[in-house]
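Biologist: I'm new to looking at protein models. Could you walk me through one and show me how to read its features?

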Amino acid sequence: MRIVKNAVAERNGSGYIKFVAQESEDMYHLYNIINTGDVIEGSTVRNVVKETATGSVKNRMHLKVKLSVEKVEFDSEQCSLRINGRNVQENEHIKMGQYHTIELELNQPYTLEKDLWDRLHLDCLREAADPGRKAELLCVVVDEGLSHICLVTSNMTITKARIEKSFPKKNHVGA
């Protein structure tokens, strides 16, 4: 993860941090940092319906939204993060208070605002931004007809591949 801007006040701990998630493991760190009540800003895609004289036209538009977080979902298989919440900054396509969902994407900038950045969240963010952390171990787990290839880091195990192969049964000749 790359920290673009850190604007957290020392005296009261409020402020925002602008970041770019660069690896799928960064989503896990963000899942542990983002809480209900925080505000996240970023670009997303929304279906926008426009009324015309001939009927309604549905377009997918890229928009910048600012949401008050109500729900955070982490998918460990895909290492993806979905954030649901209400819009707190009105624009021409999303009214104030409307619900929307942002799915965080790699290599896209996002801004996270908190009323109070506690030491645990700041330490977790610093650890995620540390370029020295990498996978510590590659593991291959093998069973009859099934193999998993995993990366083991200090925080989580990421399954990179699952290989299934059926083998014909062995013929045992009477002994």
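Modeller: Happy to, and keep in mind that this is a predicted model. Let's begin with strands: two of them count as paired if DSSP finds at least two bridges between them. Here, β8 and strand β9 (residues 146-152) run antiparallel and are joined by 7 bridges. One spot to look at is Leu137, which stands opposite Val152 in β9.

Biologist: What is the strand order in the sheet that holds β8 and β9?

Modeller: It's an open sheet of 3 strands, ordered β8-β9-β10, with antiparallel pairing. β8 (137-143) and β10 (157-164) each have a single partner strand, so one side of each has no neighbour in the sheet. On average, neighbouring strands here are turned by 15° against each other, ignoring direction.

Biologist: And how many strands does the sheet with β1 in it have?

Modeller: That open sheet has 7 strands, paired antiparallel in the order β1-β2-β7-β3-β4-β5-β6. Its edges are β1 (2-8) and β6; each has a single partner strand, so one side of each is left without a neighbour. From one strand to the next, the twist averages 35°.

Biologist: Which strands does α1 touch when it packs on the sheet?

Modeller: α1 touches β2, β4, β5, β6 and β7, and its direction makes about 70° with that of β4. While you're at β4, notice that 14 bridges join it to strand β3 (residues 39-52), running antiparallel. Within that region, Thr44 has Leu63 of β4 as its bridge partner.

Biologist: Next, the core. Which residues touch the most other members of the largest nonpolar core?

Modeller: A nonpolar core is made of buried residues joined through side-chain atoms within 4.5 Å. The largest one here has 26 residues, and Leu30, Ile34, Ile40, Leu104 and Trp117 touch the most other members. Several elements supply at least two residues each, among them α1 (25-33), β4 (55-75) and α2 (119-129).

Biologist: Is Ser80 buried or exposed?

Modeller: The cut-off for buried is under 20% relative accessible area. Ser80 has 14% relative accessibility, so it counts as buried. You'll find Ser80 in strand β5, in contact with residues including Phe74 and Glu103.

Biologist: Which residues do ring pairs link into a cluster?

Modeller: Ring pairs link Tyr28, Tyr31 and Phe74 into a cluster, and the structure holds 3 aromatic pairs. Another ring to check is Trp117: Lys114 lies over its face, at 5.5 Å from the ring centre.

Conventions
Residues are numbered from 1 along each chain as its sequence is written. This is a predicted model: local features need pLDDT of at least 70, side-chain atom pairs count only at pLDDT 80 or more; totals for chains, interfaces and linings use all residues. Side-chain values use heavy atoms; hydrogens and water are left out. Rings of Phe, Tyr and Trp (its six-membered ring) pair if their centres lie within 6.5 Å; planes under 30 degrees apart count as stacked, over 60 as edge-to-face and the rest as tilted. A charge sits over a ring if NZ of Lys or CZ of Arg is within 6 Å of the ring centre and within 35 degrees of the ring normal. Buried means under 20% relative accessible area, exposed over 50%, partly exposed in between (1.4 Å probe, protein chains only). Helices (H or I, at least four residues) and strands (E, at least two) are DSSP runs, numbered from the N terminus. Contact means heavy atoms within 4.5 Å. Axes are lines fitted to C-alpha atoms, for helices over the stretch in contact, and angles run from 0 to 180 degrees between N-to-C directions. Lists of a residue's contacts leave out its neighbours within four places in sequence.
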